[in-house]
Amino acid sequence: MNALDKLGLATALAKARKSYQEGGVPIGAALVYHGTTPDTSNAVVLGCSHNQRFQKSSPTLHAEIATLEDAGRLKAAVYRKSTMYTTLSPCIMCTGAILLYKIPRVVIGENENWVGGEELLKQNGVEVIVVDDAECKDLMKRFIKEKPEEWNEDIGE
């Protein structure tokens, strides 16, 4: 991973840990602006958050959606020069938001515990990178084992 990806994933992972500590689904995300090249020279974390479905009794506050909300209203050009970082493969709802705003790059902490809309992202020209992070995998695996009903609810099962 390059320095930008380390920054983005570390930010997302910190949010995933926070969600787990709050009793929520341990998925975190961060939207990082990097300009025309993905490096840290222009990097700015525009927004970051975590899954808040249980904490806020919300049907839609997955980590990526909450992150877009945290970033606030942005110009289209900003999204197009940013990367979405997420600790778990994004669901179809979050994939749709990434596609809607034409975010060109998504870095995923892990997709062992669950695979979302990665192929749809790729089919629409989004660069998808899965880093296979051990802490992301372990945190999600622990949550699924401890709270299988909540996990199934979160993924619409």
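So, which backbone nitrogen does a side-chain oxygen of aspartate 133 reach at the start of α6? Hold that thought for a second.

Quick housekeeping: this is a predicted model, where local features need pLDDT of at least 70 and side-chain atom pairs count only at pLDDT 80 or more, while totals for chains, interfaces and linings use all residues. Residues are numbered from 1 along each chain as its sequence is written, and side-chain values use heavy atoms, with hydrogens and water left out.

Back to aspartate 133: that oxygen comes to within 3.1 Å of the backbone nitrogen of glutamate 135. Helix α6 itself covers residues 134-146 (helices are DSSP runs of H or I, at least four residues; strands are runs of E, at least two; both numbered from the N terminus). In α6, Cys136, Lys137, Leu139, Met140 and Phe143 are buried, meaning under 20% relative accessible area with a 1.4 Å probe, protein chains only. Their cover includes α1 (3-21) and α7 (148-154), going by contact, which is heavy atoms within 4.5 Å.

Now over to strand β3, residues 82-86. Here 5 of the 5 residues are buried, so β3 is largely enclosed by the rest of the structure. Ser82, Met84 and Thr86 sit on one side, with Thr83 and Tyr85 on the other.

And the neighbours? Strand β1 (residues 28-33) runs antiparallel to β3, joined by 5 bridges; pairing takes at least two DSSP bridges. β4 (residues 105-108) pairs with β3 in the parallel sense over 4 bridges. Look at threonine 86: alanine 29 is its bridge partner, and isoleucine 108 in β4 stands opposite threonine 86 too.

Note on methods
Buried means under 20% relative accessible area, exposed over 50%, partly exposed in between (1.4 Å probe, protein chains only). The expected span of a helix is 1.5 Å times one less than its number of residues. A polar contact is a pair of N or O atoms within 3.5 Å; within protein, one must be able to donate a hydrogen and the other to accept it, and residues adjacent in sequence count only if both atoms are side-chain atoms.
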